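Student: I would like to learn how to read a structure like this one. Please take me through it one feature at a time.

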Amino acid sequence: MIDLNDKSYYYNRELSWLEFNIRVLEEAIDRTHPLLERFNFLAITASNMDEFFMVRVAGLITQDYSGSKKTDPAGMTAGEQVQAISEKVHGIVQRQYNCLNRILLPLLEENNIRFLKFGNLSKEQKAYVKTYFNTTLYPILTPMAIDNSRPFPLLANKSLNLIIELKGEEEENLFAVVQIPSVVPRIVKLPSENGKTELIFLEEIVTAYIDKLFNANKVISAYCFRVTRDADLEIDEEDSQDLLSEIEDSIKQRKWGAPVRLEVDKDICQSSFDFLKEQLEIKEHEVYMIPNVIDLTVWFSLAGIVNRPDLCNVPMPPVPVIDFEGRDMFEVIKEKDVLMHHPYQSFDPVVNFVKLAARDENVLAIKQTLYRVSSNSPIIKALIEAAENGKQVTVLVELKARFDEENNINWAKKLEKAGCHVIYGLVGLKTHCKLCLVVRREEEGIIRYCHLGTGNYNDKTAKLYTDMGLFTCKDTIGSDVSAIFNCLSGYSKYPAWKKIAAAPTDLREMFVKNIEREEKNALEGKPARIIAKMNSLVDTGIIKALYRASMAGVKIDLIVRGICCLKTGIPTVSENITVRSIVGRFLEHSRIYYFENNGDSKIYLSSADWMNRNLDRRVEVAFPIEDERLKAKVMDIIDITLRDNLKAKIQQPDGTYKSIDKRGARELLSSQMEFYRLAKEEYDEFKKVREDEIFMPVRAEDVE
């Protein structure tokens, strides 16, 4: 008898996430990427790791400190997870810096871009640096002595600092801290000759002139270090009288959480190192000795500083959506549903949809959910314009979107000031669904136009994330979307949905029901297959349902970008399941769920991953694609994704991922590049036909 609760059937969530970050790191190593893009991937691994420590590791440390012996589905306690994470991350850090020191920096030099130490500067460069220090840095820098009257300073989360050791007047050892300013660029471009680009890090300059800050003492040493802190917000929504104020107060505390990681220069002297560990109360396994520049997110800025387009990706501007070219959006949506695939197709129609609604005299109301938006969001500007034009505007701004709380609070205040009705969601639930509803008065009555998406209403990330969106004015969908907004803004109960499924009410039930139907069909000898694309697969209930379907003979293809707690290759349990992950130029973000259903396939797009939080603790939506024309389009997307043999990696039974063996392959295919090629090809053909129609000569027989 197979016990699906067997802990050996599940991967630990955190270790699976670290495997994902290794796949990102492999993109930095991949020689097919332009050089500066490889630096960008390296920076992404570091940014990912920062958030991982601030949230996931911090949470586990808190659990372990409280004495919790509760285990995860893989059978690991919080303490065991912290130890395993430490061991794995130390290995990843070594790989990051091997990539930097042995591969990327030498390649930079080959391309006449070089980072210099202060001692290697030319006379002219030293004069430039000295002036820069005196005029720009010196007024900013603040030396912070540490003694009986001045305790160790409370250093901000992720700030880069120097630990300074000095000799006092009585030959005693003293310590001080200097923060490297974050208000000026950390990479400084130096005067250079012969077509070279020469650069220096800010901390190198500060260290060179550090004695100017301590002229009463002799500086013995100065080493860089960086502290990562617990940054997960603790918000008591039940007792909070004002959620916005509560979150504002919590954000302020984020900078000062307990230390969870110390990164320090590997050459640091023992006395300074011991002092830091003691003051920060940091454990040995939480220390990372860094063999070069600390904080690899600095490489995000490199491409903008060196200005070398030849070392960057060739631009891939999103292609206009043919359906809307030269036509009124409302007319098009009234004729047919329109499905969009970003970032290959432009996000502009989504922005224009809200802009058009804001200015259309027949539009009565606009309702929209906002989870993450850009800092200069055209959608929010359009919503403000709509309110100023007298429309009824209701906006749900999710204040609890992690690390976007402050941005969302600012937008919420501006929307309220403009006259929009702003709501913050439901207690205990994050509103993560992506919905926009436009209510329009027309000759035949009130028409509801909807946009439903898999990704955020963020015009910036829409150029970087793969997502899908549907425009429709079908009354069944419109009725469901209206009901969701009523539940979010009022005291309405969730109704029996006509078309969609929603969390936390019936989304889990819908997915399990579809999986179980495939299991039943397979047992009855009917066609049965499941294809699911998502960011993460964590939920044990869903995993068990997939295992049962696999045991019944259902072929299951999972495309999971990040965390996957399901194990492939378990004899008799998951032999029919494959898991692949695609990490490439764009961030895979769309969620697509396909069920064969005995030849009458069911396809859903969704804002939700198969994670406990999405199915139980968030407001999420899955919406069906029923138009046969659009179903075929989605199936083409799935087919191309499954044929990717350049960027796809396949999960192995031990939880690692391997590239697909391309020997003997009939074609080499990157799904992302193929999607862009097809979108551009379709648009170019449309444009050519349009031009031919415009310039077609008039024939005599066509003239009356």
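The dialogue below takes up a strand, a helix, a pocket and some salt bridges.

Tutor: Two remarks on the source come before the features. This is a predicted model, in which local features need pLDDT of at least 70 and side-chain atom pairs count only at pLDDT 80 or more, while totals for chains, interfaces and linings use all residues. Residues are numbered from 1 along each chain as its sequence is written, and side-chain values use heavy atoms, with hydrogens and water left out.

Student: How do I read a strand, and which way do the residues of β6 point?

Tutor: In a regular strand the side chains alternate between the two faces of the sheet. Strands (E, at least two residues) and helices (H or I, at least four) are DSSP runs, numbered from the N terminus. In β6, T197, L199 and F201 point one way and E198 and I200 the other way, and all are buried. Buried means under 20% relative accessible area, exposed means over 50%, and partly exposed lies in between (1.4 Å probe, protein chains only). Because 5 of the 5 residues of β6 (residues 197–201) are buried, the strand is largely enclosed by the rest of the structure.

Student: Which strands pair with β6?

Tutor: Two strands pair if DSSP finds at least two bridges between them. β1 pairs with β6 in the parallel sense over 3 bridges, and I113 stands opposite T197. β5 (residues 187–189) runs antiparallel to β6, joined by 3 bridges; there K189 has L199 as its bridge partner.

Student: How do I read a helix, and which residues of α7 are buried?

Tutor: An α-helix has 3.6 residues a turn, so residues three or four places apart point the same way. In α7 (residues 270–280), the buried residues are S272, F273, F275, L276, K277 and L280. Their cover includes β2 (143–146), β3 (160–167), β4 (173–179), β7 (218–229), β8 (259–265) and β9 (287–290). After α7 comes E281, with a positive phi near 55°.

Student: What is the volume of the second largest pocket, and which residues are closest to its centre?

Tutor: On a 1 Å grid over the protein atoms alone, a pocket is an open set of points where a 1.4 Å probe fits, with protein on both sides within 12 Å along at least five of seven lines; lining residues have an atom within 4 Å of a point. The second largest pocket has a volume of about 610 Å³. Of its 25 lining residues, K117, F201, E204, N292 and V293 are the closest to the centre. α3 (78–110), β1 (113–115), α5 (202–208) and β7 each supply at least two lining residues.

Student: How many salt bridges are there in the whole structure?

Tutor: A salt bridge is a side-chain nitrogen of Lys or Arg within 4 Å of a carboxyl oxygen of Asp or Glu. A search of the whole structure finds 46 of them. One joins R529 to D557, with the closest N and O atoms 2.5 Å apart. R529 lies in β19 (residues 529–534) and D557 in β20 (residues 555–560), so the pair ties together parts that are 28 residues apart in sequence.

Student: Are R529 and D557 buried or partly exposed?

Tutor: R529, at 26% relative accessibility, counts as partly exposed, and D557, at 2%, counts as buried. Another salt bridge is formed by the side chains of E667 and R643 (2.4 Å, N to O).

Note on methods:
Contact = heavy atoms within 4.5 Å. Points joined across faces, edges and corners; volume = space filled by probe spheres on them.
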